[in-house]
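Dear colleague,

Please find the structure below, passed on to you for your own use. My notes on its salt bridges follow.

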Amino acid sequence: MATVKLERLSSNKTFGGELVKYKYKSAALGGLSAQFNLFIPPGASETNKVPVLVYLAGLTCTEDNGAQKGAFFGPAAAQGIAILFPDTSPRGAGIEGEDADWDFGTGAGFYLNATNPKYAKHYQMYTHVTMELPGVIQSNDIPIDFSRQSIFGHSMGGHGALTIYLTAETPYKSASAFAPISNPTKCPWGEKAFTGYLQGGVEEAKEKYDATELIARHTNPVHILIDYGTGDNFYKQGQLLPENFVKAAKEAGHGEDQITARSQEGYDHSYFFISTFAADHIKFHAGFLKA
């Protein structure tokens, strides 16, 4: 693709590498400005391009939450892995009602491509994450090897990571999730998002945007790690439903050699939980990105 101009907003040295925040005009998001954070580990260069992990954040978050609170950089630097942090939605679309609720619209793009005409111009987060951002980064000669990429995320971002991993045309080596919304067509958050963003609502979502529905039809081997906390109120309220995903996976022939789902006693939905198991997830992905 033609080079897309990136505006460098900030830079911080961390664990011998560099975290840079960029801004650019996003075609996928209807011409709006989009921001992302990118961690480049020490030793990356044009002659030593590094693999990349894409981190998708949850409801109400931005590109900053995972970067500032995830505790990912030490383990990623040690493994020589870059981390890309996209935003969670378009910003400033000016669509009526997009800022009315915390769990829909701004900060809640659900990593899908909207088909409801009201949102379709701007809410193309699936394309933004899977196609546009890799293309923009490569066109600017940043030393990342996108033939070696994996994806992970938290909550809504865990949903995004699992569904993108299971459907994207560009292959990801592995996927992991912290407290993912695992069966969104069966929970209030997902029902609300799909009814709003998709012309076909929940039924349309079952085809592409529900990890439990997708794993049930998936025949190729997978590499997935999931952690969730038993003290997570959203888990208790039935928003996450990881057991549904695990059950569907087993019934489809995906055993424990392909999917590890760990119930973590007493942990909640916060970044205290995520940061506790961050190193485990980086190590998991390194096994596939560096194979």
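**Salt bridges in the model**

Arginine 8 and glutamate 18 form a salt bridge, with 2.5 Å between the closest N and O atoms. The two residues belong to distant parts of the chain, arginine 8 to strand β1 (residues 7–14) and glutamate 18 to strand β2 (residues 17–26), ten residues apart. Please keep in mind that this is a predicted model. Arginine 8 has a relative accessibility of 47% and therefore counts as partly exposed. Glutamate 18, at 29% relative accessibility, is partly exposed too.

A second pair is aspartate 103 with lysine 192, whose side chains meet in a salt bridge at 2.6 Å, N to O. Is aspartate 103 buried or exposed? Its relative accessibility is 10%, so aspartate 103 counts as buried, the cut-off for that class being under 20%. Lysine 192, in contrast, is partly exposed, with a relative accessible area of 31%.

Lysine 247 makes a salt bridge with glutamate 251, and the closest N and O atoms are 2.8 Å apart. Helix α10 (residues 242–251) holds both lysine 247 and glutamate 251, which are four residues apart, about one turn of the helix. Both lysine 247 and glutamate 251 are exposed.

There is also a network: Lys21, Glu63 and Asp64 are joined by salt bridges that share partners. Of its members, aspartate 64 sits in the loop between β4 (50–56) and α1 (65–69). Aspartate 64 has a relative accessible area of 22% and so is partly exposed, since buried would require a value under 20%. What does aspartate 64 contact, leaving aside neighbours within four places in sequence? The answer is Lys21 and Asn37. As for lysine 25, its C-alpha is 18 Å from that of aspartate 64, and the two residues are 39 residues apart in sequence.

Counted over the model, there are eleven salt bridges.

Best regards

Terms used:
Residues are numbered from 1 along each chain as its sequence is written. This is a predicted model: local features need pLDDT of at least 70, side-chain atom pairs count only at pLDDT 80 or more; totals for chains, interfaces and linings use all residues. Side-chain values use heavy atoms; hydrogens and water are left out. A salt bridge is a side-chain nitrogen of Lys or Arg within 4 Å of a carboxyl oxygen of Asp or Glu. Buried means under 20% relative accessible area, exposed over 50%, partly exposed in between (1.4 Å probe, protein chains only). Contact means heavy atoms within 4.5 Å.
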